[in-house]
Amino acid sequence: MRLFLALRFDDDTVDELIRLQKTMGDAGIEGHFVPQENLHMTLLFIGEYKNTDDILDLMEEIRFKPFHVQMNHIEKYRDLYTVVFSVNNELDAYVRRLRRTLGDGGVPFDRKKFYPHVTMVRKASCKTDHPILPDRIPDVDIEVSRVSLMRSEQGKNGMIYTEVGGTDVR
């Protein structure tokens, strides 16, 4: 089973992300817009791994207090459009602890550098060379109080992400 750890968002944040997708569409961007139920920030990609209980137990070892993150800007990377988040020391420290704990626990994961973003459009193209997008995104204060272990499966109409479990602020 393909697994990853993620931040999921409250309804207000998802509504803002959907509004930004509409802004992208209005600017001439086309492609596979990520469905609202799949909008998330990946903290760590594990990939194929069978024992979710091992991961959930290790996640429970990592204590954290609630903290806040903020969306910053829209960015194009290859054939993706993403919403990039502002630098956040608490988020970065949590991801470092997460990587260290899972690594020490023998859970393999992708070691690419963490880049806080939400993928908005995949296989993107644009009718114009330079779509007009906002330079900055309005401040949306997002409280982080839960980290989710997610399963990724290929569905009939694309990927389906399902929460397997998670850990809350303690």
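At 41% relative accessibility, Asp 168 counts as partly exposed, and that residue is a handy way into this predicted model. Asp 168 pairs with Arg 146 in a salt bridge, with 2.9 Å between the closest N and O atoms. That bridge ties together distant parts of the chain, since Arg 146 sits in strand 8 (residues 146-155) and Asp 168 in strand 9 (residues 158-168), 22 residues apart. Here's a quick tour of the rest.

**The overall layout**

- The chain has 3 helices and 9 strands.
- Reading from the N terminus, the elements go β-α-β-β-α-β-β-α-β-β-β-β.
- The radius of gyration is 16 Å, close to the 15 Å that the globule rule gives for 170 residues, so the chain is as compact as a globular protein of that length.
- Along the principal axes, the C-alpha atoms fill a box of roughly 50 × 35 × 25 Å.
- Of the 170 residues, 45% are buried.

**Salt bridges**

- The structure holds 8 salt bridges.
- Back to the opening pair: Arg 146 is partly exposed, at 29% relative accessibility.
- Arg 146 and Asp 168 also belong to a network of salt bridges that takes in Arg 8 and Glu 163.
- Lys 22 and Asp 26 make a salt bridge through their side chains, at 2.9 Å from N to O.
- Both Lys 22 and Asp 26 lie in helix 1, 4 residues apart, which is about one turn of the helix.
- Lys 22 is exposed at 53% relative accessibility, and Asp 26 is exposed at 59%.
- Glu 30 and Lys 127 form a salt bridge too, with their closest N and O atoms 3.7 Å apart.
- This pair connects distant parts of the chain: Glu 30 is in strand 2, while Lys 127 is in the loop between strand 6 (117-126) and strand 7 (141-144), 97 residues apart.
- Glu 30 is partly exposed at 38% relative accessibility, whereas Lys 127 is exposed at 66%.

**Around strand 2**

- His 32 has its place in strand 2 (residues 29-33).
- His 32 and Ala 124 are 92 residues apart along the chain, yet 6.8 Å separates their C-alpha atoms.

**A negative patch**

- Asp 10, Asp 11, Asp 12 and Asp 15 gather on the surface in a patch of negative charge.
- One of them, Asp 12, sits in helix 1 (residues 11-26).
- Asp 12 is exposed, at 61% relative accessibility.

Definitions and conventions:
Residues numbered from 1 in each chain as written. Predicted model: local features only at pLDDT ≥ 70, side-chain atom pairs only at ≥ 80, totals over all residues. Heavy atoms only, no water. Patch = residues over 30% accessible without salt bridge, like charges linked within 9 Å, V, L, I, M, F, W, Y side chains within 5 Å. Areas by Shrake-Rupley, 256 points an atom, 1.4 Å probe, with all protein chains shown as cover. Salt bridge = Lys/Arg side-chain N within 4 Å of Asp/Glu carboxyl O. Lys, Arg positive; Asp, Glu negative; His and termini not counted. Charge placed at Lys NZ, Arg CZ, Asp CG, Glu CD. Helix = DSSP H or I, 4+ residues; strand = E, 2+ residues; numbered from the N terminus. Buried < 20%, exposed > 50% of the residue type's maximum accessible area, 1.4 Å probe, protein only. Rg over C-alpha atoms; globule rule 2.2 N^0.38 Å.
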